[in-house]
Amino acid sequence: MNSMRAVRIHGWGEAPVIEDVPVPMPKAGETLVRVEAAAVAHLDHTVAGGNFDLKPQLPYVGGVEGCGTVVSSDVHEPGTRVALRGGGLGLVRNGTWAEYVSTRKGATPIPADLPPEVGATYFVPTTTAYVALHDIGRLGSWFGSVEDEVVVVAGAAGAVGSMVAQLAVRAGCTVIGLVGAGQLDSVPAGVEAVRLDDEERAAELQRERPATLLVDTLGGQGVAERSRWVRPGGRAVIIGYVAGTGLGLDLPAWLLDDVALLPVNMIRRDAAALEYAPLLAELLAKGELTLEVQSFPLADAAKALQLLATGGLRGRAVLLPGT
């Protein structure tokens with residue numbers, strides 16, 4: 001096979017296009033992978049817009065994450081299923097939005113029974129959630145045992161938020177999940193679902209302050225209000241900012257509330273993420289954790305990227321090169 005289908009970016013801010021390009025020829029030390037699923041990630045959108053410090057040489061094949069089967073390698077046996085991530089994929093070398101990709105350091109073996117759509121997308125949401133709960137939130141170390149923890153998850157229907165909620169339930173915590181009006185059916189089992197616009201329940205939570213931990217994937221000014229649902233001495237772990245990048249605090253009120261604001265910086269915690277990833281992949285393969293994924297044909301990359309940018313996705317998105 002001399003050519004393959006790939007999705008390439010030809011200009012910053014322009015829609016990606018599908019076209020025929022040569023199949024990569026792996027150099028010594030590189031692994032050639034047949035791509036089964038390629039994630040459409042927020043980083044892909046940022047890079048394609050020209051707003052990232054690393055700018056690939058145009059045109060380039062997008063895709064910083066994926067999953068596939070090894071065709072040839074000096075490191076992995078042919079037929080090994082691998083997650084594709086790192087090694088400059090989609091940044092300084094062509095990425096996963098193609099039928100084949102060649103990588104030097106970006107292929108990591110995963111369970112053979114892990115669906116490719118999940119293998120392509122699990123790393124970021126699962127490891128971020130685990131680090132937020134256990135490394136930063138330190139479940140069970142602030143208020144007695146883990147079972148004494150009451151965890152509020154803002155954005156519990158999103159990929160990261162849903163995983164936070166599932167892991168907290170699995171650990172034995174009481175969990176409250178905040179979601180949009182149309183997302184109640186996406187809340188994981190064992191979680192009390194609360195609509196973001198439910199002013200009556202919000203007033204109760206602020207009055208009673210039952211939470212020991214807030215994990216907030218939404219951001220914006222709402223963080224200040226939601227942190228007041230946490231009892232004195234508790235903590236608020238901040239992951240995302242899809243609802244806004246600004247946060248203003250009334251310092252006297254914040255000091256009186258006595259709630260620690262803790263940031264999640266996964267760039268600095270990449271070693272921990274790599275350590276936790278195999279366990280989380282096994283839990284997904286066994287069905288003990290679930291990750292919602294929307295699949296698109298390779299030709300619909302522009303549509304998937306647009307839905308990602310406008311918040312129109314349920315869970316994460318993948319491109320399927322075989323369709």
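**Exercise 1.** In which helix is the place of L255? Decide also whether L255 is buried or exposed.

*Solution.* The structure is a predicted model, in which local features need pLDDT of at least 70, side-chain atom pairs count only at pLDDT 80 or more, and totals for chains, interfaces and linings use all residues. Residues are numbered from 1 along each chain as its sequence is written, and side-chain values use heavy atoms, with hydrogens and water left out.

Step 1. L255 sits in helix α7, residues 251-257. Helices (H or I, at least four residues) and strands (E, at least two) are DSSP runs, numbered from the N terminus.

Step 2. The relative accessibility of L255 is 62%, so L255 counts as exposed. Buried means under 20% relative accessible area, exposed over 50%, and partly exposed in between (1.4 Å probe, protein chains only).

**Exercise 2.** Which residues with the most contacts are inside the largest nonpolar core, and how many residues has this core?

*Solution.* Step 1. A nonpolar core is a set of buried Ala, Val, Leu, Ile, Met, Phe, Trp, Tyr and Cys residues joined through side-chain atoms within 4.5 Å.

Step 2. The largest one has 50 residues, and Y122, L133, V151, V164, L167, V215 and L284 have the most contacts inside it.

Step 3. Elements giving two or more residues to this core include α3 (123-136), β9 (150-154) and β12 (211-216). Helix α8 gives the most, with 8 residues.

Step 4. Take L133 as a case: leaving out residues up to four places away in sequence, L133 touches R138, L139, V164, L167, A168, L213 and V215. Contact means heavy atoms within 4.5 Å.

**Exercise 3.** Which strands do bridges join to β12?

*Solution.* Step 1. Two strands pair if DSSP finds at least two bridges between them.

Step 2. β9 and β12 run parallel and are joined by 4 bridges; here V151 has L213 as its bridge partner.

Step 3. β12 and β13 (residues 230-238) also run parallel, with 5 bridges; here L213 has R235 as its bridge partner.

Step 4. In β12, 6 of the 6 residues are buried, so this strand is largely enclosed by the rest of the structure.

**Exercise 4.** Where is G95 found, and which residues does G95 touch?

*Solution.* Step 1. G95 lies in the loop between β6 (81-85) and β7 (100-103).

Step 2. With a relative accessible area of 2%, G95 is buried.

Step 3. Not counting residues up to four places away in sequence, G95 touches V61, G62, G63, L89, G90 and V101.
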